[in-house]
Structures are given as structure tokens and as C-alpha cells.
Amino acid sequence: MLKRLGASTVVLIAVLMFSALTGAGQEVRQPGAVYDADVKDQKPAPAPKQDISGVWEPAKGPGDSIQANGAKAMPSDGKPEHALPFTPAGEAAFKSHKPGFGVTAVPSAFINDPVDICDPQGFPRLVLHNFRTSRIIQSPNNVVILYEFNKKWRVIWTDGRELPKAADTTEPRWWGYSVGKWVDDYTFVTESFGFDDRTWLDNAGRPHSDALRVEERYHRVDRDHLEMTITIDDPKFYTKPWVALDKLSFRLQPPSFDIREMECSPSETAEYNKEFSNPASGVK
């Protein structure tokens, strides 16, 4: 029966199970990928100015940005230093979520994760869950990021427009509205707002409200490396901003690098739940 499932669905399930069980976050490398360990004796060339374009892979290996137990810098592991600064409303929303991972994980039969029925992950969960290969394309008016996981894409406007005000976001989006600018020759900063509050922030069920703002900071370290930092600011659900990713490192890939396909198929997900997930949890 497993052979009938598409490769993308099987890869997704295997990744989540493996990273959760081992905590190692390791996975089979993608064909043609280059990681830091492959060229550790090579000195990178200087970074180009105001340029983050290219195809990027996690520098330490394909499993480095798998975050099964929540945002990498703030995992749901029960440690006091990783306790999030919830407001009462935020804590209530968090307790209403029943994730499959983290310290509040429940058996698979009781999970209410919207991703499990192939609802869009939305942003920033796309990068706080299973951030894989991405292609960044720059134009005079915007920056476009193409994501491998679920084959999604985002537009970050750089033409000087402002983010919509709260009263103007009559159409909340899974991926939000995004604007960006260069703050120096090697650092590009993006602000996003106007999110659909049905999405979760990460795999551990951390919530967000309609007041969520997300800052992405991309720093080009050298020709071959890009660091990404994600900060969450949601005054309705959190008493202060918190860093979800802290300088996660990516490595530039060759121009010929082929980005594999990873899709969430509702029919294959339902089949997997029927044949594997539900029996494992005792559901008939």
C-alpha cells in the first residue's frame, strides 16, 4: 500500500517521523547539492552587494531546517528558556491546538492540525516547520521566493509601498502581505502583515492572531552563505516579540541544481491516515 503513495507525501511523513524520533534532523541529501562539509577547506569569495538571489540549501545539510518540535530557536521541549511569552488570549489559543509534536503533542487520532488535511501552512510556518530548498529571484520592484515544500511562492514588494493597515486588510492571506528593503549592502529586511489567523506558527501548534507581524532578516555573509533570522511580533498573543529562527545558515547551490517536488496531496494524506496513522493510534 505504501508504494501507492506519492513520493512527496512519503518524504514528508518520513521526515517528520525521523526528526521527531531521533532529534537529529538528518535526511538523505538531495542529488547535486553542495553543503559546507563538502568544501570545508574552501575559502568563500566576498558577498555581492544587495544580492540574495540564487538557489539556497541549508548549509549544514538538508535536515538542519527540519523543525518537527517547533521553531528552531524556540522549540517546544519543556525547557524554561523556551517558554513563550503568552498573553492570556495567546495561551488559550495554544491550549486549543492539538499538535502531533512538541510537549503538548496528542495521539494522531486527536490532532487538529490544519496541515493534516492539507490546508495551507501559510507563512511563517512554511519556514518554521520544514524549510527546504528555496530559489530567490530579484527584480526592480520585488523579490520572489520559491519554496520547495508544497511548491509555494511569495512576493516581497520593494517598490516603496507600505504594508496595509489593520483596517485595510479585508482579505487576510495565508501568506500575508510583504514589503522589503535593503538596510545596508548585505542585509535585506522584510516585514509581513495581514495573515489568516487559522494557520499555526509552527509544527508545535504555536498560535497567532490577526495582529501578527513577521520580520525576516536576510544577511549575505559571503558569496556562498546567507543567514536568515525570523522574529515574531503579535501583541494580542505574546507580551513581547520573540526570535523563532536565529541566523539559520544557507549555502548557494550551483545554477544547474534541480529543486525536487514536495506536494501535499489530500487523497494520499487520507490514504496514509487510513492505512497507517489511524491504526497506529487505535482508531478503526
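Helices (H or I, at least four residues) and strands (E, at least two) are DSSP runs, numbered from the N terminus. The exercises below concern a predicted model, in which local features need pLDDT of at least 70 and side-chain atom pairs count only at pLDDT 80 or more, while totals for chains, interfaces and linings use all residues. Residues are numbered from 1 along each chain as its sequence is written, and side-chain values use heavy atoms, with hydrogens and water left out.

**Exercise 1.** State which strand holds Leu146 and why this residue counts as partly exposed.

*Solution.* Step one: Leu146 lies in strand β3, which covers residues 142-147. Step two: buried means under 20% relative accessible area, exposed over 50%, and partly exposed in between (1.4 Å probe, protein chains only). Step three: Leu146 counts as partly exposed because its relative accessibility is 31%.

**Exercise 2.** Describe the secondary structure and the burial of the protein.

*Solution.* Step one: the protein has 3 helices and 9 strands. Step two: along the sequence these follow the order α-β-α-β-β-β-β-β-β-β-β-α. Step three: the protein has 284 residues, and 48% of them count as buried.

**Exercise 3.** Determine where pLDDT stays under 50 and how that part should be read.

*Solution.* Step one: pLDDT is the predictor's confidence in each residue, from 0 to 100. Step two: the protein averages 87, and 83% of the residues score at least 70. Step three: pLDDT stays under 50 over residues 1-25. Step four: where pLDDT is low, the predicted coordinates should not be read in detail.

Notes
Contact = heavy atoms within 4.5 Å.
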